[in-house]
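Visitor: I would like a close look at a single part of this model. Please take me through the packing there, then through a few individual residues elsewhere.

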Amino acid sequence: MNVYRIILTELQSKDALRYLGLKTGLADPAMAALCETCSKALLSAIDARAVCRIFPYRDGVIEGCTYRPAGSTIRDHLTGCDRVILLAATLGPAVDTLIRRTMLKGMAEAMMTDALASGAIEQVLDLAEAEIFAGLSPTGHTWRYSPGYGDLPLDGQKDLLEVLDARKRIGLYVSESLLMTPTKSVTCLIGLGENLPESAKKSCKSCTLEGKCIFRQSGTTCYR
């Protein structure tokens, strides 16, 4: 079990623009100013933490683990893997409070803050991944696969978080309605192995939303 405190010193506005569906960037001075204001407030609120465990993986089963990911898409995703990383990360409860507060000020500020927070949790996961991989011997890995993708059930997040002892370690839990608290949080699986197939690389071809994705319709993707 490894717990990480992740420090963000800046936010990537391009991620927020992607979530907002904007193609024009921050050429509009008013939009640029709003982004800067919201970024400063969000950075002050973020208390990012992550927790992970690594388990052996064989024949579609995560060994020594009570979490049992169901569905064919995750099994395909982990083809060729001999280990699996279970990872959870959160921006912390103060971000939820900030987003609720911005809703009282205006929809534009609330939407920008929410989009920046969605991008920020991906930055946190990237940094957590880097720390995890730095402690491993060189090996191939898949991209992050979260409950709710493909046919991997969303209700499995509760078991995944229990395996990680996430409520105690990083203050993250799932409500009865399957909503994570704090809301700007992510759980995922990452496969490890040698000579992994091409499908281990993230692309739109492996997505069940191919052909009806709102990101693709706007000329971008949900990933960097």
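Guide: In helix 1, four residues are buried: Asp15, Ala16, Leu17 and Arg18. This is a predicted model. Helix 1 covers residues 13-20. After helix 1 comes Gly21, with a positive phi near 75 degrees.

Now the packing. Two packed helices are described by the angle between their axes and the distance between the axes. Helix 1 packs with helix 5, residues 107-134. The angle is about 120 degrees, and the axes lie 8 Å apart. Angles of 65 to 115 degrees count as roughly perpendicular and those over 145 as roughly antiparallel, so this pair falls in the oblique class. The crossing of helix 1 and helix 5 is right-handed.

Which residues make the contact? On helix 1, they are Ser13, Asp15, Ala16, Tyr19 and Leu20. On helix 5, they are Met111, Met112, Ala115, Leu116, Ser118, Gly119, Glu122 and Gln123. By type, the contact of helix 1 with helix 5 has seven nonpolar residues, four polar and two charged. An α-helix has 3.6 residues a turn, so residues three or four places apart point the same way.

Next, some single residues. His77 sits in helix 3, residues 72-77. Its relative accessibility is 5%, so His77 counts as buried; the cut-off is under 20%. The side chain of His77 makes a polar contact of 3.1 Å with the side chain of Thr142. Beyond four places in sequence, His77 is in contact with Thr142, Trp143 and Tyr145.

Ser146 lies in the loop between strand 5 (140-141) and helix 6 (157-163). Ser146 is buried too, at 9% relative accessibility. Its side chain reaches the backbone oxygen of Thr187 at 2.7 Å. With residues up to four places away in sequence left out, Ser146 touches Leu152, Val186, Thr187 and Cys188.

Arg167 is a residue of helix 7, which spans 166-170. Arg167 has a relative accessible area of 56%, so it is exposed, the cut-off being over 50%. Neighbours within four places aside, Arg167 is in contact with Leu172 and Tyr173. Arg167 and Thr181 are 14 residues apart in sequence, and their C-alpha atoms are 9.4 Å apart in space.

Definitions and conventions. Residues are numbered from 1 along each chain as its sequence is written. This is a predicted model: local features need pLDDT of at least 70, side-chain atom pairs count only at pLDDT 80 or more; totals for chains, interfaces and linings use all residues. Side-chain values use heavy atoms; hydrogens and water are left out. Axes are lines fitted to C-alpha atoms, for helices over the stretch in contact, and angles run from 0 to 180 degrees between N-to-C directions. Helices (H or I, at least four residues) and strands (E, at least two) are DSSP runs, numbered from the N terminus. Angles under 35 degrees count as roughly parallel, over 145 as roughly antiparallel, 65 to 115 as roughly perpendicular and the rest as oblique. A crossing is left-handed if the near helix is turned anticlockwise from the far one by less than a right angle, and right-handed if clockwise. Contact means heavy atoms within 4.5 Å. Ala, Val, Leu, Ile, Met, Phe, Trp, Tyr, Cys and Pro count as nonpolar, Asp, Glu, Lys and Arg as charged, and the others, Gly among them, as polar. Buried means under 20% relative accessible area, exposed over 50%, partly exposed in between (1.4 Å probe, protein chains only). A polar contact is a pair of N or O atoms within 3.5 Å; within protein, one must be able to donate a hydrogen and the other to accept it, and residues adjacent in sequence count only if both atoms are side-chain atoms.
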